[in-house]
Amino acid sequence: MNTVVLEVRSLKDTLADAAATMRTRRAEREARISFATPELLWKVLTAKRWGLLKALCGTGPVSIREAARRVGRDVKAVHGDVTALLEAGVLSRAPDGRIEFPFDAVRVEFLLRAA
């Protein structure tokens, strides 16, 4: 299964792990997309965008119009969500311009600590 982990991590920790991966030449088993704070993660992953990701899991490249049809939403509204997800690096564009979420599963990880 091709899984992506959406996580909350500091830039310092992310860069340290990248350096360790380069040093050991052992790639992680799962793709990771990191957000600096839980607030940023939830700002990017609104309920409607989460629904869009669920609809795109494992489907391959689709047009924005097709993505809107799958979630039963207006094309213009979905276009705005797609733009935000592309900018955050959660979605990508296929060579033909269609959008793609190239994963079969998503796991969200973050640790909430007392202040």
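Biologist: Which residues does Asp 81 touch, not counting residues up to four places away in sequence?
Modeller: This is a predicted model. In it, Asp 81 is found in helix H5. Setting aside residues up to four places away in sequence, Asp 81 touches Lys 48, Arg 49, Leu 52 and Arg 73.

Biologist: Is Asp 81 buried or exposed?
Modeller: Buried means under 20% relative accessible area. Asp 81 has a relative accessible area of 10%, so Asp 81 is buried.

Biologist: With which residue does Asp 81 form a salt bridge?
Modeller: Side chains of opposite charge can pair when their charged atoms come close. The side chain of Asp 81 makes a polar contact of 3.0 Å with the side chain of Arg 49. A polar contact of 2.7 Å joins the side chains of Asp 81 and Arg 73. The salt bridge, with its closest N and O atoms 2.7 Å apart, is formed with Arg 73.

Biologist: How far does helix H5 reach from its first C-alpha to its last?
Modeller: Helix H5 covers residues 75-87, which makes 13 residues. At 1.5 Å a residue, 18 Å is expected. The reach in the model is close to that, at 18 Å.

Biologist: What arc do the buried residues of H5 cover around the axis?
Modeller: In H5, the buried residues are Val 78, Asp 81, Val 82, Ala 84 and Leu 85. They lie on the same side of H5, because the arc they cover around the axis is only 160°.

Biologist: Which exposed residues does the face of H5 turned away from its buried side carry?
Modeller: The buried side of H5 is covered by elements that include helix H2 (38-44), helix H3 (47-56), helix H4 (64-71) and strand S4 (99-100). The face turned away from that side carries the exposed residues Lys 76 and Glu 87.

Biologist: Which residue follows H5 with a positive phi?
Modeller: Take the start of H5 as well. There, a side-chain oxygen of Asp 74 reaches to within 3.0 Å of the backbone nitrogen of Lys 76. After H5 comes a residue whose phi is positive, near 80°: Gly 89.

Biologist: With which strands does S1 pair in the parallel sense?
Modeller: Strand S1 spans residues 3-8 and is mostly covered, with five of its six residues buried. Thr 3 stands opposite Ala 105 in S5. Val 8 has Phe 35 as its bridge partner in S2. The parallel pairing runs over five bridges with S5, and over five bridges with S2.

Biologist: What is the relative accessibility of Leu 6?
Modeller: Leu 6 lies in strand S1. Leaving aside neighbours within four places in sequence, its contacts include Ile 33, Phe 35, Leu 41, Trp 50 and Val 106. The C-alpha atoms of Leu 6 and Ile 33 are separated by 5.0 Å, although the two residues are 27 residues apart along the chain. Leu 6 counts as buried, because its relative accessibility is 0%.

Biologist: How many residues apart are Arg 32 and Glu 109?
Modeller: The side chains of Arg 32 and Glu 109 meet in a salt bridge of 3.8 Å, N to O. Arg 32 is in strand S2 (residues 31-35) and Glu 109 in strand S5 (residues 105-109). The pair links distant parts of the chain, 77 residues apart.

Biologist: Where does Glu 109 stand: buried, exposed or partly exposed?
Modeller: Glu 109 touches Val 5, Leu 6, Glu 7, Val 8 and Arg 32, leaving out residues up to four places away in sequence. Glu 109 and Val 8 are 101 residues apart in sequence, and their C-alpha atoms are 6.7 Å apart. A relative accessibility of 30% lies between the 20% and 50% cut-offs. Glu 109 therefore counts as partly exposed.

Biologist: How many salt bridges does the count come to?
Modeller: Arg 98 and Asp 96 meet through their side chains in a salt bridge of 2.8 Å, N to O. Salt bridges that share partners also join Glu 7, Arg 9, Arg 32, Arg 107 and Glu 109 into one network. The count of salt bridges comes to nine.

Definitions and conventions: Residues are numbered from 1 along each chain as its sequence is written. This is a predicted model: local features need pLDDT of at least 70, side-chain atom pairs count only at pLDDT 80 or more; totals for chains, interfaces and linings use all residues. Side-chain values use heavy atoms; hydrogens and water are left out. Helices (H or I, at least four residues) and strands (E, at least two) are DSSP runs, numbered from the N terminus. The expected span of a helix is 1.5 Å times one less than its number of residues. Buried means under 20% relative accessible area, exposed over 50%, partly exposed in between (1.4 Å probe, protein chains only). The arc is that of the directions from the helix axis to the C-beta atoms. Contact means heavy atoms within 4.5 Å. A polar contact is a pair of N or O atoms within 3.5 Å; within protein, one must be able to donate a hydrogen and the other to accept it, and residues adjacent in sequence count only if both atoms are side-chain atoms. A salt bridge is a side-chain nitrogen of Lys or Arg within 4 Å of a carboxyl oxygen of Asp or Glu. Two strands pair if DSSP finds at least two bridges between them.
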